[in-house]
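Subject: Structure handover

Hello,

Please find below the structure that I promised to pass on to you.

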Amino acid sequence: MSKTYYTEEHEWLTVDGDEATVGITNHAQDQLGDIVFVELPDVDDEVEQGGDTVVIESVKAASDVYAPVSGTITEVNSALDEEPAMVNAGAETDGWLYKMKISNAEELSELMDLDAYKELIG
Amino acid sequence: MKHTPLFNLHESSGAKMGEFAGYDMPLFYPLGVMKEHLHTRSSAGLFDISHMVHMEVTGSEAAQLIERACPYDASNQPMGQARYTFFLNENAGVIDDLIITRLESNRYLIVSNAGCADKDIAHINSLAEIFNSNVEVIPRGFLALQGPKAESVLVQLGYAVRDLAFMTAIEPKAGWFLSRTGYTGEDGFEIAMPVEETEAFAQKLLESADVELIGLGARDSLRLEAGLSLYGQDLDDSVTPHEAGLLWAIPKSLRQGGPFIGADALAEKIAAGRTRKRIGLRPTGKMPVRAGAKLVNETGEDIGKVTSGGFGPSFEGPVALGLIEMNATDQPIFAEVRGKQIPMEVHSLPFVPHNYKR
């Protein structure tokens with residue numbers, strides 16, 4: 001049974017056991033505008049909660065995406081190399097960024113559920 | 001923050017607003033930067049450029065004043081001709097880049113950058129004390145209509161612009177100014193009008209199915225693809241027109257000396273040869289390389305910097321302008337981005353061919 005969490009920096013992660021899939025929210029892609037490049041991490045990279053993990057380049061600017069929790073990257077969405085605009089079209093579906101193995105599940109308690117996130121973005 | 005006459009129109013059009021040169025300006029509209037950019041290249045884009053500065057110089061020595069401030073022959077400028085030029089400092093650095101139009105024999109219109117307003121006005125006023133002339137800063141609305149359909153849109157509204165050549169201007173009625181100029185590389189017009197008439201005129205243009213509002217985001221990507229300098233990034237008071245690749249804007253006869261401020265320094269620097277130059281750069285791969293990125297050679301030596309950079313929607317890839325050491329372009333060039341070295345290829349300017357009506 002998976003559960004989806006949200007961060008104040010507009011990332012989402014869907015957690016299934018100690019595996020998580022991470023992306024940016026639809027609200028975030030809308031704010032960024034047309035995305036032209038996504039710089040993904042490498043598989044086996046270790047990331048810390050709040051650390052820079054992905055850079056999304058839109059027509060306007062470069063934006064950092066932070067790791068919502070600590071862990072190890074297990075897979076990246078390499079389809080974004082050719083089609084970065086997939087993040088615009090499906091930020092919370094096909095436009096996911098990477099998968100990770102969570103190292104400290106306690107960090108999940110600091111994240112929001114969908115209702116709290118909806119309240120945040122108003 | 002200051003508002004332009006179109007502030008209400010921007011808000012009601014759903015623009016994302018942001019600060020630029022002290023003004024609350026539209027960065028992009030619901031269409032988005034990419035589509036706004038492409039629409040301008042294929043149809044017609046309407047830009048609010050009311051933040052720019054309009055100064056009229058009049059009087060019996062108006063031409064002499066301009067010839068002191070700028071490196072060109074204002075006395076012999078044809079009536080109605082718009083000219084790209086600069087205010088230079090004593091070191092031949094660029095105080096600002098400008099378009100100056102001769103409206104009458106003793107009346108010139110200077111259009112300069114919003115971000116340079118205070119220093120430009122102070123500079124020209126200090127010269128007005130020396131020459132028999134008068135300077136008036138004119139607050140008014142200023143719109144750009146750019147793109148291959150700009151002409152037909154204006155003709156439909158009754159403006160006789162079909163025979164107006166690139167870099168010429170008319171005053172269609174009192175308080176109005178219309179030039180065939182722009183900052184996109186496309187054919188197009190820049191139109192000034194009284195503040196209170198601006199919104200109605202913009203609404204009239206927007207009634208055409210060919211016209212969309214375009215924000216500062218696409219204005220930047222359009223000018224970058226067109227290889228046009230942005231003051232404050234590609235140009236500043238430490239850069240000479242020679243280094244910036246803009247010597248074409250200075251008549252040959254004035255490159256060895258002249259009546260303008262900075263003439264001696266310019267002549268000396270031209271004689272000595274420039275040590276750095278502005279070039280077009282194409283980052284290999286898809287990642288945009290933005291202003292401020294350091295340029296290095298294969299051995300990691302600092303050889304310059306990226307002065308403007310981003311994604312070119314019409315070019316369909318990243319584009320950049322750089323200021324680089326003269327001798328550095330015959331070896332591989334890299335830009336440093338987030339600790340990585342991105343190979344850069346020298347690319348001729350513009351990145352997208354100009355489409356001016358000559």
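Between which strands of chain B is the loop that holds B:A92? B:A92 lies in the loop between β5 and β6 of chain B, where helices (H or I, at least four residues) and strands (E, at least two) are DSSP runs, numbered from the N terminus.

Before going further, please keep in mind that this is a predicted model, in which local features need pLDDT of at least 70 and side-chain atom pairs count only at pLDDT 80 or more, while totals for chains, interfaces and linings use all residues. Residues are numbered from 1 along each chain as its sequence is written, and chains are lettered from A and ligands numbered from 1 in the order in which they are written.

Most residues other than glycine have a negative phi, and most peptide bonds are trans. A:H10 sits in the loop between β1 (3–6) and β2 (11–16) of chain A, and it is buried because it has 23 C-beta neighbours inside 10 Å. Back in chain B, the peptide bond from B:L349 to B:P350 is cis, with omega near 0 degrees, and B:P350 belongs to the segment after β19 of chain B.

The two chains

Chain A has 4 helices and 9 strands, which come along the sequence in the pattern β-β-β-α-β-β-β-β-β-α-α-β-α. Its radius of gyration is 13 Å, close to the 14 Å that the globule rule gives for 122 residues, so chain A is as compact as a globular protein of that length; this radius is taken over C-alpha atoms, and the rule is 2.2 Å times the number of residues to the power 0.38. Of the 122 residues in chain A, 43% are buried.

Chain B has 8 helices and 19 strands, and its radius of gyration of 20 Å agrees with the value near 21 Å that a compact globule of 358 residues would have. Its C-alpha atoms fill a box of roughly 60 × 50 × 40 Å, taken along the principal axes, and 49% of its 358 residues count as buried.

Helix α4 (residues 117–128) of chain B has 12 residues and spans 16 Å from its first C-alpha to its last, close to the 16 Å expected at 1.5 Å a residue, the expected span being 1.5 Å times one less than the number of residues. Which residues of α4(B) are buried? They are B:D120, B:I124 and B:A128. These three cover an arc of only 70 degrees around the axis, which puts them on the same side of α4(B); the arc is that of the directions from the helix axis to the C-beta atoms. An α-helix has 3.6 residues a turn, so residues three or four places apart point the same way. On the other side of α4(B), B:D118, B:A122, B:N125 and B:S126 are exposed.

Where parts meet

Chain B is divided into domain 1 (7–50 + 140–225) and domain 2 (275–347), with bounds that come from an automatic or database domain assignment. The centres of these domains, taken over C-alpha atoms, are 31 Å apart, and 8 residues of domain 1 are in contact with 9 residues of domain 2, where contact requires that two C-beta atoms, placed from the backbone, lie within 7 Å. On the side of domain 1 of chain B that touches domain 2 of chain B, α2 (33–42) and α7 (216–225) of chain B each give two or more residues.

The contact between the chains takes 14 residues from chain B and 10 residues from chain A. On the side of chain B that touches chain A, α2, α7 and β16 (302–312) of chain B each supply at least two residues.

Best wishes

How values were computed:
Buried ≥ 20, exposed ≤ 12 C-beta atoms within 10 Å, placed from the backbone.
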